[in-house]
Amino acid sequence: MTRWPLPEPMRAALAQADCAAAADAVPVGAVVVCDGLIIATAHNGPRDCHDPTAHAEILAIRAAAVALGRDRLDGCDLWVTLEPCAMCAGAMVHARIARVYYAAPDPKGGAVAHGARVFDQPGVLHRPEVYAGLGEAEAASQLRAFFKARRAPS
């Protein structure tokens, strides 16, 4: 596992991922931090919300925008347990998220370091700083356990 204590926002995101798994959703959690304070937390909710766009990042961005009373999250950081998909990366661009911290890479569905690489596209109007791998072992373990349990014979 990690050799040093994880920052509080990543621990909170991992706790949200646990909530997702408990709700039989893919264990992804997200947290938005503004001025050093966690202002929004969320976990994957497409099934609970009956909404295919209810990814943890989208729900956290929506909650942060409401908490701050504005549509742009300038100066805010987003912490998430899995590399964001293209939809979530696009939402981060539109929200003007300053920094994105993600734990586990997602070679199949990720769009930051893999796939579409949304932030690297020439037409992107905002590019957040990206930090990968913080809490990777913990997030990957959550994901492996979730999918292993789903594949296990009943």
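This is a predicted model: local features need pLDDT of at least 70, side-chain atom pairs count only at pLDDT 80 or more; totals for chains, interfaces and linings use all residues.
Local features need pLDDT of at least 70, side-chain atom pairs count only at pLDDT 80 or more, and totals for chains, interfaces and linings use all residues. Residues are numbered from 1 along each chain as its sequence is written, and side-chain values use heavy atoms, without hydrogens and water.

Asp-77 is found in strand S3 (residues 77–82); strands are DSSP runs of E, at least two residues, numbered from the N terminus. Asp-77 has 11% relative accessibility and so counts as buried (buried is under 20% relative accessible area, exposed over 50%, partly exposed in between, with a 1.4 Å probe and protein chains only). Its side chain joins that of Arg-99 in a polar contact of 2.8 Å. Such a contact is a pair of N or O atoms within 3.5 Å; within protein, one must be able to donate a hydrogen and the other to accept it, and residues adjacent in sequence count only if both atoms are side-chain atoms.

The whole structure holds three aromatic pairs. Rings of Phe, Tyr and Trp (its six-membered ring) pair if their centres lie within 6.5 Å; planes under 30 degrees apart count as stacked, over 60 as edge-to-face and the rest as tilted. Tyr-101 and Tyr-131 are stacked, because their ring centres lie 5.0 Å apart with planes at 20 degrees. Tyr-101 lies in strand S4 (residues 99–104) and Tyr-131 in strand S5 (residues 129–132), so the pair ties together parts 30 residues apart in sequence. Tyr-101 is buried at 15% relative accessibility, whereas Tyr-131 is partly exposed at 37%.

Note on methods:
Helices (H or I, at least four residues) and strands (E, at least two) are DSSP runs, numbered from the N terminus.
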